[in-house]
Structures are given as C-alpha cells and as structure tokens.
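The tour goes from one selection to the next and says what is found at each stop.

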Amino acid sequence: MPKTYPGRNGVSREPPVLALLPGEPSGKISTINAGAVSLEATLAYRPGEEMPDGPTIEVLRLSGARLRYLQSHDDPSGTRRLSCEIRALCAGRLAAALDVVLRCVTEHAALAEAVLETRAVRLAAPTIPPAVLVERLARHLWGAGLRVSFGPSWAPVPAGTGISVGSRSLDAAFEGLLRDYPEW
C-alpha cells in the first residue's frame, strides 16, 4: 500500500513541503502564515505643476494587517510611482487593508487632479497547516532535543507548502535533522 501523508483536504500521496522561514526563530512552527498582496500605483500629475506631497499610506492604521517594502519614486516628468506589500493573517483583513490603502491613494489622486493607475496582485493566501503536520513536526523536533515553539508568522509561504518552521540562526543540529529526515 502506498504511503499517504496528511494534507489540506484529507490525505495526499505527496510528502508535505516544509518551508524554512529565516525571519522566524529557529524551531518556531507556524500555526498560520500571512497572506500577501503586492500593490503598485502610478500617479501622473499635471505637466509643469509641482507635485504635491503624499499620499501618506505609511501612517494608515491597517487593522490586523501590516505594510511592508513601501517605496516611492518621483520622475522629473511629473509621475510618482508607489509600491508596497500588504500582509495579513486572514483573507478578510487582507482585503480590508488593501481597500484602505487603495482608498487613500484614490483620494489623494482625486484631490491632486492626478491620473491614477493601480495594480494589485495576490502573492499568497493566508495558510493554516493541518494540525497533524504541526504535531508530527513538533514531536520530531522535540525527539531530537531541539527547542520548539508555536505561533503565527507574518511571512507568507508559497501555495502547496504543507508547513513552515523558523530557521533564523539555524544551527547545524537543526539543519542536519531536517536534511537527514526525508519526510520533511
């Protein structure tokens, strides 16, 4: 009988994919991973006029979400390009945060009489690993004498990832354990 593994919708014949998160402490098993949306906006102001300040999206209060990698670039032609990544632990909050940021940029464009182009791309959906995978990985790490902790991670993971674990200050014992155990 072929070996089966726990998956998102029951069982799978494929072994779970383990994502290592360098931004999380070594041994921290993620109980949920954030989803992420990339947002780009281009504001074209009237030619010959001075570009106004703003929009100031970095000061927005995003309930249950975080703004990352905010960049702004002004061209001498009167164009401002903004880009950022929005992250949240649930899909509803990710959508709400994107709405707040888009409203801010749109309001600024309307008041400044600028032409606005936007593009939003979902990079990753929020994910919750199957409890059986969390338990299996935790037991495996504990059995090897490694420290284990649990909690949400603001780092998104690629689709199809079964579970994720922190790897910051990854020591040789932890790395060797994961490499020598083919199921992970």
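Start with proline 55, which is found in the loop between E5 and E6. Such labels come from DSSP runs, numbered from the N terminus: helices (H or I) have at least four residues and strands (E) at least two. Select glycine 54 as well: a cis peptide bond joins glycine 54 and proline 55, with omega about -5°.

Before the next stop, note that this is a predicted model, in which local features need pLDDT of at least 70, side-chain atom pairs count only at pLDDT 80 or more, and totals for chains, interfaces and linings use all residues. Residues are numbered from 1 along each chain as its sequence is written, and side-chain values use heavy atoms, with hydrogens and water left out.

**The whole chain**

Colour by secondary structure. The protein has three helices and ten strands, and from the N terminus on the elements run β-β-β-β-β-β-β-α-β-α-β-β-α. Of the 184 residues, 40% are buried. Buried means under 20% relative accessible area, exposed over 50%, and partly exposed in between (1.4 Å probe, protein chains only). Contact means heavy atoms within 4.5 Å. Among contacts with a separation of 6 or more, 78% are between residues 24 or more positions apart.

**The four-stranded sheet**

Select E5, E6, E7 and E8. These four strands form an open sheet in the order E6-E7-E5-E8, with antiparallel pairing. Strand E6 (65-75) and strand E8 (115-124) each have a single partner strand, so one side of each has no neighbour in the sheet. On average, neighbouring strands here are turned by 15° against each other, direction ignored. Two strands pair if DSSP finds at least two bridges between them; E5 and E8 pair over nine bridges. To see one of them, pick valine 37, whose bridge partner in E8 is arginine 122.

**Two stops with positive phi**

Go to tyrosine 69, placed in strand E6. Its phi is near 55°, a positive value in a residue other than glycine. Show the side chain of arginine 68 too: its charged end sits over the ring of tyrosine 69, 4.9 Å from the ring centre. The criterion is NZ of Lys or CZ of Arg within 6 Å of the ring centre and within 35 degrees of the ring normal.

Glutamate 113, in the loop between H1 and E8, also has a positive phi, near 55°. At 48% relative accessibility, glutamate 113 counts as partly exposed.

**The nonpolar cores**

Which residues touch the most other members of the largest nonpolar core? Select Leu43, Ile57, Ala65, Ile86 and Val101, out of 20 residues in this core. A nonpolar core is a set of buried Ala, Val, Leu, Ile, Met, Phe, Trp, Tyr and Cys residues joined through side-chain atoms within 4.5 Å. Strand E5 (35-44), strand E7 (79-88) and helix H1 (91-112) each give two or more residues to this core. H1 provides the largest share, seven residues.

Centre on valine 101. Apart from its neighbours within four places in sequence, valine 101 is in contact with Leu39, Ile57, Leu60, Leu62 and Ile86. A second, separate core has 13 residues, including Leu137, Ala138, Val165 and Leu177.

**The aromatic pair**

Select tryptophan 142 and phenylalanine 150. The structure holds one aromatic pair, and these two residues form it edge-to-face, 6.1 Å centre to centre with 70° between the planes. Rings of Phe, Tyr and Trp (its six-membered ring) pair if their centres lie within 6.5 Å; planes under 30 degrees apart count as stacked, over 60 as edge-to-face and the rest as tilted. Tryptophan 142 is partly exposed at 48%, and phenylalanine 150 is partly exposed at 41%.

**An enclosed strand**

Is strand E4 (residues 28-33) largely enclosed or open? Five of its six residues are buried, so E4 is largely enclosed by the rest of the structure. Five bridges join E4 to strand E9 (residues 149-153), and the two run parallel. Finish with lysine 28, which stands opposite serine 149 in E9.

Terms used
Axes fitted to C-alpha atoms, helices over the stretch in contact; angles between N-to-C directions.
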